[in-house]
Amino acid sequence: MPAILHPITQITGKAVPVPGANMDTDRIIPARFLKCVTFDELAGKMFYDERFNADGTSKQHPIDAPRHSGATIIIGGENFGCGSSREHAPQAIKRSGIQAVVAESFAEIFFGNSSGIGLPCVCVNAADLAVINAKLAAQPKTEWTLDLQTMQLSDGATSYPIHMPAEPREAFLSGRWDAVTELMSAAARVEELARTLPAPACNSSSPC
Amino acid sequence: MGKTLYQKVWEAHTVGTLPDGRTQLFIATHYVHEVTSPQAFAMLRESGLPVLHPERTFATVDHIIPTDDQREPFTDERAQKMISALRSNCREAGIRLFDLPSGQQGIVHMIGPELGISQPGMTIVCGDSHTATHGAMGAVAMGIGSTQVRDVLATQTLALSPLKVRQVRVEGRLRPGVTAKDVALHIIGKLGAQGGLGYAYEFAGSVVERMDMDGRLTLCNLAIEGAARCGYVNPDETTFAYLKGRPYAPQGADWDAAVARWKSFASDADAVYDDIIHIEADDIEPTVTWGTSPDMSVGISATLPEPSQAGNDEQKRSWQAAYEYMKFTPGEPLKGKKVDVVFIGSCTNGRLQDFRAVAPLLKGRHVAEGVRALAVPGSQMTARMCEDEGIADIFREAGFEWRLPGCSMCLAMNPDKLVGDQLCASTSNRNFKGRQGSPTGRTLLMSPLVAVATAITGRISDPREVFPDTQL
């Protein structure tokens with residue numbers, strides 16, 4: 001498999017708020033949308049029940065407000081992406097045009113899933129998050145620049161420090177966020193472990 | 001300086017360090033199910049990659065299967081397509097599938113331990129957040145996404161960074177009517193739904209040492225609801241006794257060698273933890289959630305908290321939003337609230353001990369008028385044992401719908417769904433908005449004991465009051 005590198009260093013665009021602590025992946029993509037064998041149908045479905053009533057009418061969520069149309073960055077709260085491990089959540093976000101998520105903190109599995117599909121998740125501290133949200137409310141059409149090189153989120157006038165652990169940041173900058181090629185390069189050591197670490201095997205007289 | 005089980009298992013499975021600094025970790029055991037694996041198999045096909053070690057992956061079908069009528073084709077065409085995709089993917093790759101006719105099908109986090117596939121000292125992953133459950137066997141177990149499922153299928157490894165380890169010590173004696181579920185909800189309530197971010201939880205202390213395996217599985221299952229990606233219990237005689245004789249457990253001379261090896265993974269007495277939390281068993285009441293996050297809970301005798309008592313503005317807003325969604329009022333008691341549905345099951349509380357513990361209480365009693373009560377054993381093996389022991393009949397006679405194994409109304413990817421804003425007393429793991437299949441449905445998480453007390457009275461009830469003369 002050829003090693004095609006896709007470095008991700010900078011994301012620019014409008015932002016949209018998805019506020020609140022513990023934004024779980026059931027709310028990001030309800031379970032009924034998981035009845036599929038591909039991720040292709042998830043575009044446009046992110047936060048579906050947060051945005052629409054059962055009869056299909058709009059709940060006037062910021063995502064659907066014209067002032068935020070075309071946004072490429074989500075501004076979330078604490079423990080964003082908690083709950084179910086469904087990769088459908090970051091897939092729905094990415095396939096709906098979002099290129100990065102900024103939040104106070106992220107659930108581990110969501111963070112890993114997002115990194116693996118090239119969707120950077122960066123943290124800002126609570127005080128900066130409040131300022132960013134206030135700016136977003138006052139000037140929703142602001143163009144933001146999220147830079148993984150300088151680790152700053154900027155609206156052109158002010159910059160806010162962003163945080164991401166060193167390893168995934170390096171993976172984004174080097175374009176190695178899809179790890180599978182790297183993982184295939186240590187085959188000999190993997191086979192050594194496969195030989196020495198016990199594999200579960202059926203020991204029953206009846207088939208199992 | 002001693003090491004924790006987490007560190008020992010991590011080191012034993014380390015392949016090396018990747019260029020970006022992450023660890024390449026060997027995965028001993030991998031489970032797949034129909035919801036999060038088809039995308040991974042498709043990615044493999046696109047890249048022309050084979051499954052490297054099919055003997056280390058095990059499959060079952062759990063999320064989408066109906067629990068009343070499992071004759072195929074299913075009424076739901078999409079569900080049928082998903083089970084068909086799983087079958088063809090497993091057949092092509094040579095992966096063992098515990099399919100519906102196998103007699104061993106069930107929720108993936110039920111059958112792994114039940115079959116003895118999940119063993120101490122292993123790294124275990126599955127495209128499902130409740131994989132933390134398997135940590136109860138003394139393993140490092142965690143949920144992953146579909147792209148990572150592909151990584152495991154293709155390379156039997158993952159790119160990961162190690163978590164910190166927090167020891168959660170539960171000391172003392174649990175009061176009557178308090179179960180592993182209550183311990184877990186209490187811990188989550190105390191530390192917050194985000195409290196475990198960045199940590200693996202080692203559950204320890206005298207309460208955990210005395211806890212049976214089904215209780216430990218419940219406890220570790222809920223680690224993720226407190227944001228800890230892994231939860232585990234050190235392997236001990238209880239673990240070994242549980243595993244002995246199970247189909248995938250080692251036998252004969254292999255058994256003794258395996259036990260010796262398993263013991264070596266337990267945390268050293270002088271292990272150093274990144275954090276230690278002490279929980280007093282005596283402080284734990286039968287605990288029930290009232291909101292839309294698992295950390296919004298109270299002891300069953302308490303009244304619902306005032307938003308003014310919230311720790312900060314963010315929590316206050318979350319509570320207010322939760323009250324609005326749940327249609328509850330601060331200051332009112334939870335006890336006495338009329339419920340529409342009772343659901344006993346899921347990878348949290350669909351185990352044999354869960355049904356064994358409450359069956360004697362149900363005997364001679366009946367589900368309240370107007371309440372729909374579902375009992376869904378988590379696996380075919382558990383369902384068989386419940387039939388053999390007469391437990392299933394007790395549930396049926398009490399007016400429960402005794403159903404076929406699956407995830408069912410925990411996440412309602414099958415036909416088992418709440419309707420409108422029904423209030424559900426549920427032994428599952430998540431009270432998120434819309435979780436049980438209706439975008440306005442309301443979930444109260446609780447133990448099977450509180451759930452049966454509630455089923456009988458039709459209102460949120462304290463089992464200690466409903467069953468006063470019983471040794472709970």
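What percentage of the 208 residues of chain A count as buried?

## Model and chain A overall

Of the 208 residues of chain A, 45% count as buried, a residue being called buried if 20 or more other C-beta atoms, placed from the backbone, lie within 10 Å of its own, exposed if 12 or fewer do, and partly exposed in between. The model is a predicted one, in which local features need pLDDT of at least 70 and side-chain atom pairs count only at pLDDT 80 or more, whereas totals for chains, interfaces and linings use all residues. Residues are numbered from 1 along each chain as its sequence is written, while chains are lettered from A and ligands numbered from 1 in the order in which they are written.

Chain A has 8 helices and 8 strands, where helices (H or I, at least four residues) and strands (E, at least two) are DSSP runs numbered from the N terminus. Along the principal axes, the C-alpha atoms of chain A occupy a box of roughly 70 × 45 × 30 Å. Among the contacts in chain A with a separation of 6 or more, 70% come from residues 24 or more positions apart, a contact meaning that the C-beta atoms of two residues, placed from the backbone, lie within 7 Å.

## An antiparallel sheet in chain A

In chain A, four strands in the order β1-β6-β7-β8 make an open sheet with antiparallel pairing, and two strands are said to pair if DSSP finds at least two bridges between them. At the edges stand β1 (10-13) and β8 (159-161) of chain A, each with a single partner strand, so one side of each has no neighbour in the sheet. Neighbouring strands of this sheet are turned by 15° against each other on average, direction ignored, with axes taken as lines fitted to C-alpha atoms (for helices over the stretch in contact) and angles running from 0 to 180 degrees between N-to-C directions.

The antiparallel pair of β1(A) and β6 (residues 144-147) of chain A is joined by 4 bridges, and A:T12 has A:T145 in β6(A) as its bridge partner.

## The contact between the chains

Chain B brings 71 residues to the contact and chain A brings 58 residues. Elements of chain B that each supply at least two residues to its side of this contact include β1 (14-17), α3 (77-93), α5 (146-155) and α11 (313-326). The largest share of that side, 7 residues, comes from α5(B). By class, the side of chain B that touches chain A has 30 nonpolar, 27 polar and 14 charged residues.

The helix α5(B) is itself mostly covered, with 10 of its 10 residues buried, among them B:R150 and B:D151. After α5(B) comes B:Q156, whose phi is positive, near 60°.

Helix α6 (residues 180-191) of chain B has 12 residues and reaches 17 Å from its first C-alpha to its last, close to the 16 Å expected at 1.5 Å a residue, the expected span being 1.5 Å times one less than the number of residues. Because 11 of its 12 residues are buried, α6(B) is largely enclosed by the rest of the structure; the buried residues include B:K181, B:D182 and B:H186. Just after α6(B), B:G192 takes a positive phi of about 90°.

Elsewhere in chain B, strands β15 (residues 341-345) and β18 (residues 423-426) pair in the parallel sense over 3 bridges, with B:V341 opposite B:C424 in β18(B). The strand β18(B) also runs parallel to β19 (residues 442-445) of chain B, joined by 4 bridges, and B:S426 has B:L445 in β19(B) as its bridge partner.

Terms used. Ala, Val, Leu, Ile, Met, Phe, Trp, Tyr, Cys and Pro count as nonpolar, Asp, Glu, Lys and Arg as charged, and the others, Gly among them, as polar.
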